[in-house]
Amino acid sequence: MKMNRMLMLCAGLCMMAPALSQAKSFESEDTVELGTAAVEIAAHPHGLQNCQGLTLDDAQKMALRQAAFDFIKQKNTLGATAKNAWIDYANTISDMASTKDQGIAAGAAAKDAMMALGQAKLDLEIKVFYDILKAEQREPAFKCIMKQMHQKMMDKMKRMCSKMPPEKKP
């Protein structure tokens, strides 16, 4: 049953891929997911250097690289904290001897850990877009990052669909 659902999902995504590849959702602020630009910036700080219409000086390149480095270290620490908080939560609610108050406390700790991770992503974006980039560089940088993220999503969908058995492909 789960395999059929996965095949149907992948088949649907494969059929949508051509339409999605033509979409320009990265140019619409309404479709942006919060925090995803931070991940793209941190994973590929040199990616902004390849954006058309965006010329970064040496100081900006160094600041961008340092901000990405600092974020990755922070993300690793906060990510581990969040994973451990979720493990604690799962352990608490599955323990027959735990109380509702303990479950609430463990859930709050997990929520706080996830919020800290989200805040770190937002902090990186604010730093990049307001402290490192100049005002006239913000819009081209934002569009470029969204375009890069869109392309990665399309590449991932193509890889997923290529793994489907030939008889199941749409």
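**Briefing: aromatic pairs, core and helices**

Two aromatic pairs are counted here, where rings of Phe, Tyr and Trp (its six-membered ring) pair if their centres lie within 6.5 Å, and planes under 30 degrees apart count as stacked, over 60 as edge-to-face and the rest as tilted. This is a predicted model: local features need pLDDT of at least 70, side-chain atom pairs count only at pLDDT 80 or more, and totals for chains, interfaces and linings use all residues. Residues are numbered from 1 along each chain as its sequence is written, and side-chain values use heavy atoms, with hydrogens and water left out.

**Aromatic pairs**

- Trp-86 and Tyr-89 form an edge-to-face pair, with ring centres 5.7 Å apart and planes at 90°.
- Both lie in helix α3, three residues apart, so about one helical turn separates them. Helices (H or I, at least four residues) and strands (E, at least two) are DSSP runs, numbered from the N terminus.
- Trp-86 is partly exposed at 42% relative accessible area; Tyr-89 is partly exposed at 26%. Buried means under 20% relative accessible area, exposed over 50%, partly exposed in between (1.4 Å probe, protein chains only).
- Phe-129 and Phe-142 are also edge-to-face, with centres 6.4 Å apart and planes at 65°.
- Phe-129 sits in α4 and Phe-142 in α5, so this pair ties together parts 13 residues apart in sequence.
- Phe-129 is buried at 9%, while Phe-142 is partly exposed at 23%.

**Nonpolar core**

- The largest nonpolar core has 24 residues. Such a core is a set of buried Ala, Val, Leu, Ile, Met, Phe, Trp, Tyr and Cys residues joined through side-chain atoms within 4.5 Å.
- Ile-41, Leu-48, Leu-124, Val-128, Phe-129 and Ile-145 touch the most other members.
- Helices α2 (36–43), α3 (58–94), α4 (100–132) and α5 (135–162) each give two or more residues to this core.
- The largest share, six residues, comes from α4.
- Leu-124 touches Ala-38, Ile-41, Ala-42, Ala-67, Ala-68 and Phe-71, not counting residues up to four places away in sequence. Contact means heavy atoms within 4.5 Å.

**Gln-60**

- Gln-60 lies in α3 and is buried, at 5% relative accessible area.
- A polar atom of its side chain lies 2.9 Å from the backbone oxygen of Ile-132.
- Beyond neighbours within four places in sequence, Gln-60 contacts Thr-55, Ile-132, Leu-133, Lys-134 and Gln-137.

**Helix α4**

- Among the buried residues of α4 are Gly-103, Leu-117, Glu-125 and Ile-132.

Note on methods
A polar contact is a pair of N or O atoms within 3.5 Å; within protein, one must be able to donate a hydrogen and the other to accept it, and residues adjacent in sequence count only if both atoms are side-chain atoms.
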